[in-house]
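Trainee: Could you take a close look at one part of this model with me? I would like to go through it slowly.

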Amino acid sequence: MPDPILFDSKPYHHHSLLASAAGVTSPFEHSAEDRQSILNRRKSLFKKKAKVAELSDTSGAYVRLGEADLLLIVDRNSVPYRSKEWDMIAATAAHLEASHAALSAQAHKALAKLRAVIFSAKPARSYADVKPNLFFYDTDEFRRKDGSLVGPAWAASCIIHDANHVWQYLNGKTWHGVKSEVECWQLQVDNAGALGLSDGEVAHLKDFIANPEKIVARAKSKVR
């Protein structure tokens, strides 16, 4: 089992321990660390700074992606230990790590620029805060309109999507708006095989690409 790593003097355990087998003590069961310091570097470029959860009671995991470690911060106030959303985070982390080698070169570049994914219910909606390279993943978006859970392949593709927004910003590209979104949706499509996205999920993304203005306008109406 990989050793824990430290960031801002806080421990992050390998994601495999998020879903420890029955009878095995998990370091996440009673962990509760204040990780607010990761937001101290945050200088949002949005006109209105998005509301985010207070990270006073969190668990920290990491995913090893090649030579880099992606941090996962779970807000325990809104994502209880071993809830369905918690287990979804564990499955998504495992899927992303297992799929990483098969991802495209651009997906590798994008993920290498992402420092952390912060999982919390209703900060506003899922979005990339490109300064400093964070992705706020609203765990309410794990559920479809009928209440069923999306699959880990889809959630992993969403992480790649928003990692690409960070890459766009850091490389002087257009990182928000219609053009940016189309590029990120296309990156999800390009990696559909590596991630194992379903035909329906790919069709969903292609519909976004075909109707980007409508999708972006709808997203903006829900933000901040």
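Trainee: Which elements cover the buried residues of helix 2?

Mentor: Happy to! Keep in mind that this is a predicted model. What covers the buried residues of helix 2 includes strand 3 (58-65), helix 1, helix 3 (152-170) and helix 4 (178-190). Helix 2 itself spans residues 105-113, and its buried residues are Ala107, Ala110 and Leu111. These three sit on the same side of helix 2, because they cover an arc of only 95° around the axis. As background, an α-helix has 3.6 residues a turn, so residues three or four places apart point the same way. On the face turned away from that buried side, helix 2 carries the exposed residues Ala105 and Ala112.

Strand 4 (68-75) and helix 1 (84-99) are the elements that give two or more residues to its lining, and helix 1 supplies the largest share, four residues. Among the lining residues are Val63, Leu70, Ile89, Phe119 and Ile159. By type, the lining divides into eight nonpolar residues, one polar and no charged.

Finally, a word on the cysteines. Cys158 counts as buried because its relative accessibility is 16%, under the 20% cut-off. Cys184, at 0% relative accessibility, counts as buried too. The count of disulfides comes to zero.

Conventions. Residues are numbered from 1 along each chain as its sequence is written. This is a predicted model: local features need pLDDT of at least 70, side-chain atom pairs count only at pLDDT 80 or more; totals for chains, interfaces and linings use all residues. Side-chain values use heavy atoms; hydrogens and water are left out. On a 1 Å grid over the protein atoms alone, a cavity is a set of points where a 1.4 Å probe fits but cannot get out, and a pocket is an open set with protein on both sides within 12 Å along at least five of seven lines; lining residues have an atom within 4 Å of a point. Ala, Val, Leu, Ile, Met, Phe, Trp, Tyr, Cys and Pro count as nonpolar, Asp, Glu, Lys and Arg as charged, and the others, Gly among them, as polar. A disulfide is a pair of cysteine sulfur atoms within 2.5 Å. Buried means under 20% relative accessible area, exposed over 50%, partly exposed in between (1.4 Å probe, protein chains only). The arc is that of the directions from the helix axis to the C-beta atoms. Contact means heavy atoms within 4.5 Å.
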